[in-house]
Amino acid sequence: MKTPLLVLLLGTSLFVFGFTGLGGAQVSMGTPGDQLSPKQEEVAELKACAQSLAGGFLKVPATRDLRFQGKVTTPTARCRGGQRAVEFQTTPWVDWARYWGTGDSSSLPVGFLSVKGPQLRGVAGALTDLEYQRLELIKFNLFDNSGTYQTYVSGRGGVGGLALKTWPEMRLPSDSPYYQAVGGDGEQLCRGDLIRARTLTGICNDIRNPRMGSTGMPFMRNAEFETTFPDLEQTTLTKNRHGGRISLLTPNPQLISRKLFTRVQSNPTSCNAGFGLSNNSADANCDYQKAPFFNVLAAYWIQFMTHDWFSHMDEGHNAPGATMDVGCKSKLVNNVPTPLTPEEIQKLGCRPGDQIDRSYVLNDSPPDQFTMGGRTYLTRAPKTYANNNTAWWDASQIYGYDETSLQRVKRDPKDPAKLLLEPVPGMSGSYLPVLLPSDPAPPQWKGQESVAFPDNWSIGLSFYHNLFAREHNSFVDEFRRQAAQHPQADSGLRNPSDPARVVRNQDVTADELFNVARLVVSAEIAKIHTIEWTPQLLYDEPFYKGMNANWNGLLGTGDPEVSTALSDIVVHNFGRSEDVKKATQWYSVFASGPGIVGLGSAVAHYDITNPNDVNGGVNHFGAPFNFPEEFVTVYRLHPLVPDLIEYRDVGKDPNQIVQKVAVIETFEGKATEAMRSRGLANWGLSLGRQRLGLLTLHNHPQFLQNIRLPRLDTPTQQVDIAALDLIRDREHGVPRFNEFRRQYGLRQLTSYDDFVDQTLPADSPARQQQMETIAQLREIYGTHVCDSSKIITDAQLNPDGTAINDCLGHPNGSVVDNVEDVDTVVGWLAEYTRPHGFAISETQFVVFILNASRRLYSDRFFTSSFRPEFYSQLGIDWVNHNGPGAEMMEAGAPNGHRQPVAPLKRVLMRNIPELTPELQHVTNAFDPWGRDRGQYYSLEWRARPDAVSDPAFKQ
Ligand code: HEM
């Protein structure tokens, strides 16, 4: 070992925990507004640091109402970010966003002796706050809907609920074809072929909980069951919170869509409701608010991801039977729904006649209750819904998640280890075949590409499915090439039914290789998402560090001894400890040491027949893994999509926009034609160069508000997807925005005005515009005379320890905003105050911290089964090195970091070689390709030298 472990551990914990002072004696450091010289400020900060340290470490609280809400003491804020961090502490938004070094170069101090110290305090402080948040989330936000919640609260057989690792509810039922194979009525344990690879329906990922995460299991919740379905007003708290003002269609979702979501057009004719102009003329224009540091490839990436993780729908539709009204019919007048007049309807351009099928419901019988410690709990939410996809990050959108979807996946008859791709005349490379009426799974539309998950298909999904089908085959080609050279060599694979046998390259069957390639592609996708997509979504230094630590380990990948030692500590001491609370909390912290990937895989003498080795690295923190409904809510990211794609031709001048192609003209079967006639390379260039839509109000695509769904047998055959996002959340019982924040341990808002970004100068045009939108919010959601005797939540308390009531701190009887009623999607879109480089809001983000970590921690193929026995040695190397051969390093040190060439960039260059010259200039494939990244997390929209003629930079 090169460095004493203790020193490293101490360093890690200091770095992770930092110091979050709990108060103590006040030291004079100047009051806000005092002008201190840089020297005085530096001294004041160091004093504040001493004071913060003296205050001791912040502890994860015993009860949810004592959560720190992303807020630190004044000395701590000053220590980490100076006056700038202290100034806005009274706003509801998290403090770390204003620490030193967490923004662009303007977030670094000027005139200090060195910027390094403040930057370290700021960035490490931000990571500390985020780690605390994660620990609190793990402790307070897991509510499983599949029947395990009572034991989570009460424990079982003397073991605390958070330490439980198996659940009877996760057993395979007797009608499962694998029931006997896993042990039938006795103890269930997956073995043999069932544990070698990812299974179709996701069973046997956790070998002791075969059913966990499999297709059809219920979505869990991150909010207390009692607070879900607020419009049912089943508790006094929800009654008091909403006062009878909300329901499925109140306030009216399509009215909200038209007033708060519509993109304002400077020239509506040239947008043509998102259809653009004839012949894809480049003169078309649909205005949208653009994010300068994130491209359209990133928008489609996340749609591609969600299709892997979850689906409420089944085969592209919701529940059969009577449809429900979803059109614009009313507005609120004095909190009473009042019919819209024909003139108002015409002015809004909305459709009262829209209807859609209802959500499938899994269970809506009244949930049982239980009592514990004098408190009564629900055993599950009042209604539950099935996740009709595997919850695992298993590339199921490509490979399938049930028998029907599997039938759409075509394998190459010439080499069944490969996916079927076919040449297209006049195009280089090969493309996914289309489904034929004679196929076992007939197409839902003409020209449907043969992939497992086809819903909501357009050009971007066609792009990624073609790309990763090529990547699958690239891996198989390389394996076959190496096998031909070294047929006798050990592939690294082992068969648990015959564990002693070395599986030589020449012994690997086509089926085995297909499954290995699936494992590799899934892990590559998870890696791209973790260290390439997310650090660009959250484009700042804490997240570059945080996400790389998540994947590679806080201590880097350089020292395998440290990784092994830490991994051992986590898995063997904490992961198996019965000291529940400590185990789960410390586990999460220590997992930042060795990194999640490979956690538990570095066990000496790994034995594929030993369940503790195969499964030992996973941790579900006491609640079986699935996504919560609240996770779906924060992924309703439709504003990311532009109406028109700025189409470019790689063979001509990449700086030229040759056409504007309407996304809606690539819907369903039209995507295939667009893909095959124009080619993967041109679409890659076009999506890579264009900025995506900001996640903010007034920024939904026009085409999605008016989409025509051929499957609907309704008066208009159209729906407004933006409105439907609100309706589905209401159907699924997602708490409204303010309670949603409280539930996740974030600070509540006390009026609509809290949405306004206080850091902007009062007279700035941006702030004026925000104020105008706030007025619209007030008009739509309304106000009421408050009653301070009505307690509205038990998730948090006022700062003075009293209960939060209907007046939200305003005098009793005053007129207050109905801020409690704001739909969660509307709320997070209205968050104008965001950390630097955040394409999403802090409310969305807190949902990710919890669930993105869980999705890795729970999956043995990313932890203890991330091993050559399952992936092959080539597979492990391919994932670690981002492709065949040794790791390639990026030239220079972008944002001060030496780093490997990013994984999606490698996938693109490997499978679409025409893009290689363009990608030479690109560091992160999700940053608009023509942009000059500038210095230290710049968000400027400025062309790199050879892209100055690109008209996108003149807009
Ligand atoms: C051309 C682009 C897109 C189209 C045509 C489209 C269309 C749709 C449609 C028709 C629904 C189902 C509505 C329902 O009946 O519940 C839906 C749901 C959804 N969409 Fe999109 N969408 C697009 C892009 C995106 C993107 C970029 C994201 C980003 C993540 C996204 C995320 C979602 C989510 C999370 C749902 C809910 C799924 C569920 O409940 O299981 N969509 N979309």
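Predicted model: local features only at pLDDT ≥ 70, side-chain atom pairs only at ≥ 80, totals over all residues.
Q: Is histidine 700 buried or exposed?
A: Buried means under 20% relative accessible area. Histidine 700 has a relative accessible area of 1%, so the call is buried.

Q: What is the only protein donor of the iron atom of the ligand?
A: Look in the loop between helix H19 (629-634) and strand E10 (644-647), where histidine 638 is found. Its NE2 atom sits at 2.1 Å from the iron. The only protein donor is therefore within the 2.8 Å cut-off, and its name is His638.

Q: How far apart in space are arginine 730 and isoleucine 246, C-alpha to C-alpha?
A: Arginine 730 lies in helix H23 (residues 721-731), and it is buried, with a relative accessible area of 5%. Among the residues it touches are Ser247, Leu248 and Leu249. Arginine 730 and isoleucine 246 are 484 residues apart in sequence, yet in space their C-alpha atoms are apart by 9.5 Å.

Q: How are H9 and H13 oriented to each other: roughly parallel or roughly perpendicular?
A: The axes of helix H9 (residues 296-309) and H13 come within 9 Å and cross at roughly 70°. Angles from 65 to 115 degrees count as roughly perpendicular. So H9 and H13 are roughly perpendicular.

Q: How many charged residues does the contact of H9 with H13 have?
A: H9 brings residues including Trp301 and Phe304, and H13 brings others, including Phe463 and Phe468. By class, there are 10 nonpolar and 4 polar residues in this contact, and the count of charged ones is: no charged residues.

Q: Are H13 and H29 oblique or roughly antiparallel to each other?
A: Helix H13 (residues 459-485) and helix H29 (residues 873-881) have axes that come within 11 Å and cross at roughly 130°. Roughly antiparallel needs an angle over 145 degrees. H13 and H29 are therefore oblique.

Q: Which residues of H29 meet H13?
A: On the H13 side, the contact uses Glu471, Ser474, Phe475, Glu478, Phe479 and Gln482. The residues of this contact divide into 4 nonpolar, 3 polar and 2 charged. Over on H29, the partners are Leu874, Gly875 and Trp878.

Terms used. Residues numbered from 1 in each chain as written. Heavy atoms only, no water. Axes fitted to C-alpha atoms, helices over the stretch in contact; angles between N-to-C directions. Helix = DSSP H or I, 4+ residues; strand = E, 2+ residues; numbered from the N terminus. Parallel < 35°, antiparallel > 145°, perpendicular 65-115°, else oblique. Contact = heavy atoms within 4.5 Å. Nonpolar A, V, L, I, M, F, W, Y, C, P; charged D, E, K, R; others polar. Donors = N, O, S within 2.8 Å, 3.2 Å for Na, K, Ca; no water. Buried < 20%, exposed > 50% of the residue type's maximum accessible area, 1.4 Å probe, protein only. Lists of a residue's contacts leave out its neighbours within four places in sequence.
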